[in-house]
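Dear colleague,

I am passing on the structure we spoke about, and I would be glad if you could look it over with the notes below beside you.

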Amino acid sequence: MTNEERTEDLAQLLARLKSEYDVNESEIARRIGVAPATVNAWVHRKRGTGRGPNREKLRSLARAFPRFSEDEIFKAAGRKTPGNLSPEDEEDLLELFRGLTKEQQQMMKIQARALRDSNQTTP
């Protein structure tokens, strides 16, 4: 297996992040707004009841530690990087959604959740 074929998981990325930034788990937690125990669970690959860090926490990691890109962090977490939504696109989507019946809105929410959840891969 070549280096290109190996995939770094989130625990490995966090180990590299701690080294590059000379920070500990508590400092990572403070910068992204989670409990130190949460970062510790990620570092030790504990799944708990959730499916790992949510999208906002992964984006917070990228903002707090800019040497690591969103794409790199999401890939390590086993997820696809969500696209950015411009204010114009957001307003467009809301306007389309508002034009649907209540039942159609419910169906669209179910479909959107399914699409979002498909961005989570199972290791």
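The notes below go from the whole chain to single residues.

This is a predicted model, in which local features need pLDDT of at least 70 and side-chain atom pairs count only at pLDDT 80 or more, while totals for chains, interfaces and linings use all residues. Residues are numbered from 1 along each chain as its sequence is written, and side-chain values use heavy atoms, with hydrogens and water left out.

The chain has seven helices and zero strands, where helices (H or I, at least four residues) and strands (E, at least two) are DSSP runs, numbered from the N terminus. Of its 123 residues, 26% are buried; buried means under 20% relative accessible area, exposed over 50%, and partly exposed in between, with a 1.4 Å probe and protein chains only. The accessible surface is about 8700 Å², and carbon and sulfur atoms account for 51% of that surface (Shrake-Rupley method with a 1.4 Å probe; for residues, only the protein chains shown count as cover). Among contacts with a separation of 6 or more, 56% are between residues 24 or more positions apart, a contact being heavy atoms within 4.5 Å.

Helix α4 covers residues 55–64, and its buried residues are L58, R59, S60, L61 and A62. These buried residues pack against α1 (10–21), α2 (25–32) and α5 (70–76).

Two residues of helix α2 deserve a look. E25 lies in α2 and counts as buried because its relative accessibility is 16%. The side chains of E25 and K18 are joined by a polar contact of 3.3 Å, that is, a pair of N or O atoms within 3.5 Å, where within protein one must be able to donate a hydrogen and the other to accept it, and residues adjacent in sequence count only if both atoms are side-chain atoms. Beyond its neighbours within four places in sequence, E25 is in contact with K18, V39, N40, V43 and H44. R31 also lies in α2, but R31 is partly exposed, at 36% relative accessibility. The side chain of R31 makes a polar contact of 2.9 Å with that of E27, and the C-alpha atoms of R31 and A64, 33 residues apart along the chain, are separated by 6.3 Å.

What aromatic pairs does the structure hold? There are two, counting rings of Phe, Tyr and Trp (its six-membered ring) whose centres lie within 6.5 Å, with planes under 30 degrees apart taken as stacked, over 60 as edge-to-face and the rest as tilted. Y21 and F65 form an edge-to-face pair, at 4.9 Å centre to centre and 75 degrees between the planes. Because Y21 lies in helix α1 and F65 in the loop between α4 and α5, this pair ties together parts that are 44 residues apart in sequence. Y21 is buried at 17% relative accessible area, and F65 is buried at 0% relative accessibility. The rings of Y21 and F68 have centres 6.3 Å apart and planes at 35 degrees, so that pair is tilted. F68 counts as buried at 1% relative accessibility, and Y21, F65 and F68 form one aromatic cluster.
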